[in-house]
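Here is a short report on a protein model. Look at the strands and the charged side chains.

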Amino acid sequence: MTSQNTNPQSNATSTNHADSLAANDTVAANDTLITEALDSGLDSDNGIDLAAVFEPYFRPDDKTIVCGALDDEKVTVLAKSGVELVINLQPDDELTFDEGVAVEQAGMSYEHLPINGATELKQLKILAFDNILRQHHGKKIAMHCGSGNRVGAAIALRAGWLRGRKMDTAMERGRSHGLTKLEQEVHNRLLVPR
């Protein structure tokens with residue numbers, strides 16, 4: 001006579017272990033798919049490839065888009081991608097249409113904080129910029145100027161002056177948000193304690 005394990009607890013344990021392994025494999029596969037979708041940016045943007053629409057285009061994180069000047073079509077694309085707030089750092093004389101009206105008609109909030117080049121990269125402007133970001137924390141935001149350069153400068157100065165980040169960290173934050181031509185100016189301003 002062959003001996004069989006007829007212990008119901010042992011069989012239940014084996015079944016539970018197998019189910020647990022299968023569940024872990026499913027979770028791992030789902031995590032991989034989610035990560036790939038987030039890496040492509042399409043999932044978080046309602047299937048819209050923003051990189052194909054905007055030039056320049058920076059994506060420092062899932063909730064932040066930095067780009068150049070907008071037009072009606074780009075405003076519509078931002079709204080369809082789930083953006084909740086547009087922050088415009090361009091002064092009025094750089095605008096070619098009534099951006100505030102277009103953004104609000106598309107169902108998004110609008111904040112206008114004109115920064116007219118390096119001369120206006122002052123602490124009061126950066127404090128106002130910080131205030132806007134704090135008020136809208138957690139929302140999906142598109143920030144822009146003509147090229148993304150002033151946005152990157154404001155982010156770097158915010159990181160250094162208001163967040164106490166070291167020079168390298170502040171500058172890297174700025175670069176990830178579009179800082180290019182104003183890099184030396186921002187670096188010099190961060191050297192002066194505020």
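Two strands pair if DSSP finds at least two bridges between them. Helices (H or I, at least four residues) and strands (E, at least two) are DSSP runs, numbered from the N terminus. The model is predicted: local features need pLDDT of at least 70, side-chain atom pairs count only at pLDDT 80 or more, and totals for chains, interfaces and linings use all residues. Residues are numbered from 1 along each chain as its sequence is written, and side-chain values use heavy atoms, with hydrogens and water left out.

**The sheet**

Strand β3 (residues 85-88) pairs with β5 in the parallel sense, over 4 bridges. Ile87 has Met143 of β5 as its bridge partner. Both strands belong to an open sheet of 5 strands. The order is β1-β2-β5-β3-β4, and the pairing is mixed. β1 and β4 (109-112) stand at the edges with a single partner strand each, so one side of each has no neighbour in the sheet. On average, neighbouring strands are turned by 20° against each other, direction ignored. For such angles, axes are lines fitted to C-alpha atoms, for helices over the stretch in contact, and angles run from 0 to 180 degrees between N-to-C directions.

**The salt bridges**

Side chains of opposite charge can pair when their charged atoms come close. A salt bridge here is a side-chain nitrogen of Lys or Arg within 4 Å of a carboxyl oxygen of Asp or Glu. The count comes to 10 salt bridges. The table shows some of them.

| Pair | Closest N and O atoms |
|---|---|
| Arg59 and Asp45 | 2.8 Å |
| Asp45 and Lys140 | 2.5 Å |
| Arg163 and Asp130 | 2.9 Å |

What does the pair of Arg59 and Asp45 tie together? Arg59 lies in strand β1 (residues 57-61) and Asp45 in the loop between α1 (8-40) and α2 (50-53), so the pair joins parts 14 residues apart in sequence. Buried means under 20% relative accessible area, exposed over 50%, and partly exposed in between (1.4 Å probe, protein chains only). Arg59 is partly exposed at 25%. Asp45 is buried at 1%.

Asp45 also bridges to Lys140. Lys140 sits in the loop between α5 (123-135) and β5 (141-144), so this pair ties together parts 95 residues apart in sequence. Lys140 is buried, with 6% relative accessibility.

Arg163 bridges to Asp130. Arg163 is in the loop between α6 (149-162) and α7 (167-176) and Asp130 in helix α5, so parts 33 residues apart in sequence are tied together. Arg163 is partly exposed at 28%, whereas Asp130 is buried at 8%. A network of salt bridges links Asp130, Arg134, Arg158 and Arg163.
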